Amino acid sequence: MTFNKFRASHLFTGHHLLDDNHVLVTKTNGTIEAIIDIKDAGEDIQQLDGILSPGLINAHCHLELSHLKNVIPPHTGLIDFLCSVVTKRDFPAAFIQQEIEKAALELYNNGVVAVGDICNTADAIAVKSQSKIIWHSFIEVLSFTDSRADENMEHYTKVLQLHQAKLPAPNQNVLTPHAPYSISPKTFELLNEATGGKIISIHNQEHPAENELYKTGSGDYLKLFKIFAVEKSPFPITGKSSLQSYLPHFNNGQTIFLIHNTYMPEEDIVFANNYAAQNNLKLVYCLCPNANLYIENKLPDVQQFIKNNCHITLGTDSYSSNWQLNIVKEMQTIHEHFPILSLETILKWATSQAAKALQLDELLGSFEKGKQPGLVVIDNQLKGAERLL
C-alpha cells in the first residue's frame with residue numbers, strides 16, 4: 001500500500017502542537033495512518049512550511065447571507081446592523097445562488113471540513129448538496145408572539161424537511177431558535193419539545209439592550225420590532241438577564257451553542273454552566289471575533305470563558321458581518337488580542353473541540369488512525385490556510 005508522508009514547521013494533532021521532528025503518515029485518500037519520529041520516517045517526505053493541522057471547523061456561519069458582502073458598513077452597532085439585514089435581503093435569486101456558491105468554495109479552499117450553518121430558507125441546499133463539506137444546518141426559527149408560534153413552527157418545519165430530504169448524514173439538520181429577542185415563550189417551549197437530544201444554537205447577548213429588554217421591556221430592540229409591525233416588547237419582563245430568562249425553557253438533553261456572547265458577564269456564564277449541569281444540557285460557547293469587531297468593534301472577555309472551563313469553538317458569522325469567511329483569521333484575531341492564550345489552545349477551538357461539539361469527532365478534528373479529518377497547512381503567522389486533502 002502507498003503512503004504519503006508530511007513534515008511541517010509544526011504538526012498540530014488536534015490536541016497537541018508538536019515540533020518538526022514529527023511526520024504524519026496517511027494513505028493516499030487522506031486516511032490517517034500514524035504520527036512517527038523523523039528518524040523512523042525514511043525517504044519521500046513532503047516538506048511543508050507552516051502548521052500542518054486537521055481540517056478546520058467553522059462552528060457558526062450564515063451561508064445564505066453571502067450576497068450581503070460589503071453591503072452593510074462596519075461599526076454600525078448591532079441594532080442598526082440587524083435592521084439592515086432584515087431590510088436588505090431582497091436580491092435576485094440568481095445572484096444569491098452565485099454568492100452562496102462562491103462562499104462555499106471559499107470555505108472549502110480555506111481548509112474548512114465542517115460548518116455549523118444558520119438557515120432561514122432553503123436557498124443554500126443545492127450548493128450544500130454538491131459540497132465536500134459536512135453541514136450542520138441550523139434551521140433558524142423567528143417567532144415574536146405566542147399567537148403565531150404554531151404557525152411559525154409549521155413554516156420552519158417545512159424548511160427543515162427540505163434540508164433533510166437533500167442533506168442526509170453525516171450532514172445534520174435541526175430547528176433552532178434565532179435569539180432571545182425573536183422567540184416568544186410558547187415558541188421556546190415548542191422548540192424544547194422538538195429538539196430533544198439535538199445540537200441547537202442561539203445568538204446570545206450581542207448587545208446590552210438584550211438584557212434591558214427582559215429587565216424592563218424597553219431599549220433599542222423596540223426599533224427592530226417596528227419593522228415587523230410589533231409596537232412594544234412582546235416578551236415577559238423578568239427583571240433578569242436575557243440568558244437567565246430563556247435558558248430555563250430548555251431541559252431536553254440538548255447541546256446548545258451560545259453564539260457571540262459579546263456582552264455576557266461572568267455571573268451569566270456561571271449561571272448557564274450550573275443550569276446545564278443540573279438539567280442534562282451541554283453548552284458550547286462559540287466566538288466570532290471578527291464579526292464582533294465588524295459590528296460592535298468589541299470582543300467578548302475570552303479569559304472569563306476559559307476561567308469557567310467553557311467549551312469554546314470559533315465561527316466567522318456571515319459575509320454581512322465579516323471581511324472574509326476564514327477561520328484562520330478568527331484565530332489570528334484572538335491570538336493578537338489575547339496573547340496570553342497559547343496557539344495550541346486556539347487551534348483546538350477550530351478542530352477537535354468543534355468536532356466534539358458537533359458530534360463529528362469520530363470523523364474529524366484530530367489526526368488519529370482511521371480518521372479522514374482533512375489536511376490543512378496554516379500559515380505560521382495565521383494569515384491563512386491551504387488545503388492539502
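Trainee: Which helices each supply at least two residues of the lining of the largest pocket?

Mentor: In this predicted model, helix 1 (78-87) and helix 4 (149-166) each do so. Helix 1 provides the largest share of that lining, with five residues.

Trainee: How much space lies in the largest pocket, and which residues are closest to its centre?

Mentor: The space comes to about 700 Å³. The lining consists of 32 residues, and Val-86, Asn-120, Leu-142, His-178 and Phe-228 are the closest to the centre. By class, the lining divides into 15 nonpolar, twelve polar and five charged residues.

Trainee: What makes helix 1 "mostly covered"?

Mentor: Seven of the ten residues of helix 1 are buried. They are Leu-78, Ile-79, Phe-81, Leu-82, Cys-83, Ser-84 and Val-85. The cover over these buried residues includes helix 7 (221-227) and helix 10.

Trainee: Let's turn to a single residue. Why is His-203 called buried?

Mentor: The cut-off for buried is under 20% relative accessible area. His-203 has a relative accessibility of 4%, so His-203 counts as buried.

Trainee: Where in the chain does His-203 lie, and which residues does His-203 touch?

Mentor: His-203 belongs to strand 10, which runs over residues 199-204. Not counting residues up to four places away in sequence, His-203 touches His-60, His-62, Glu-140, His-178, Ala-179, Pro-180, Glu-210, Ile-259 and His-260.

Trainee: Why is the pair of His-203 and His-60 called a polar contact?

Mentor: A polar contact needs a pair of N or O atoms within 3.5 Å, one able to donate a hydrogen and the other to accept it. The side chains of His-203 and His-60 make such a contact at 3.4 Å. His-178 is involved with His-203 too: the backbone oxygen of His-178 lies 2.9 Å from a polar atom of the His-203 side chain.

Trainee: What makes strand 10 and strand 11 a pair?

Mentor: Pairing requires at least two bridges between two strands. Strand 10 and strand 11 (residues 255-260) have six bridges, in the parallel sense. Within this pairing, Ile-202 has Leu-258 of strand 11 as its bridge partner.

Trainee: Which residues are in contact with Ser-320?

Mentor: Leaving aside neighbours within four places in sequence, they are Leu-65, Leu-68, Ile-72, Phe-81, Val-85 and Tyr-294. Tyr-294 is 26 residues from Ser-320 along the chain, and their C-alpha atoms are separated by 9.3 Å. The side chain of Ser-320 also makes a polar contact with the side chain of Ser-318, at 2.5 Å.

Trainee: What is found at the start of helix 12?

Mentor: There, a side-chain oxygen of Asn-326 reaches to within 3.0 Å of the backbone nitrogen of Val-328. Helix 12 covers residues 327-337, and its buried residues include Ile-327, Val-328 and Glu-330.

Trainee: How many cavities of 30 Å³ or more does the structure hold, and what lines the largest cavity?

Mentor: There is one of that size, and the largest cavity has a volume of about 50 Å³. Its lining is made of Leu-78, Glu-206, His-260, Thr-262, Ala-291, Asn-292, Ile-295 and Glu-296. Helix 10 (residues 289-295) gives the most to this lining, with three residues.

Terms used
Residues are numbered from 1 along each chain as its sequence is written. This is a predicted model: local features need pLDDT of at least 70, side-chain atom pairs count only at pLDDT 80 or more; totals for chains, interfaces and linings use all residues. Side-chain values use heavy atoms; hydrogens and water are left out. Helices (H or I, at least four residues) and strands (E, at least two) are DSSP runs, numbered from the N terminus. Buried means under 20% relative accessible area, exposed over 50%, partly exposed in between (1.4 Å probe, protein chains only). Contact means heavy atoms within 4.5 Å. On a 1 Å grid over the protein atoms alone, a cavity is a set of points where a 1.4 Å probe fits but cannot get out, and a pocket is an open set with protein on both sides within 12 Å along at least five of seven lines; lining residues have an atom within 4 Å of a point. Grid points are joined across faces, edges and corners, and a volume is the space filled by probe spheres set on the points. Ala, Val, Leu, Ile, Met, Phe, Trp, Tyr, Cys and Pro count as nonpolar, Asp, Glu, Lys and Arg as charged, and the others, Gly among them, as polar.
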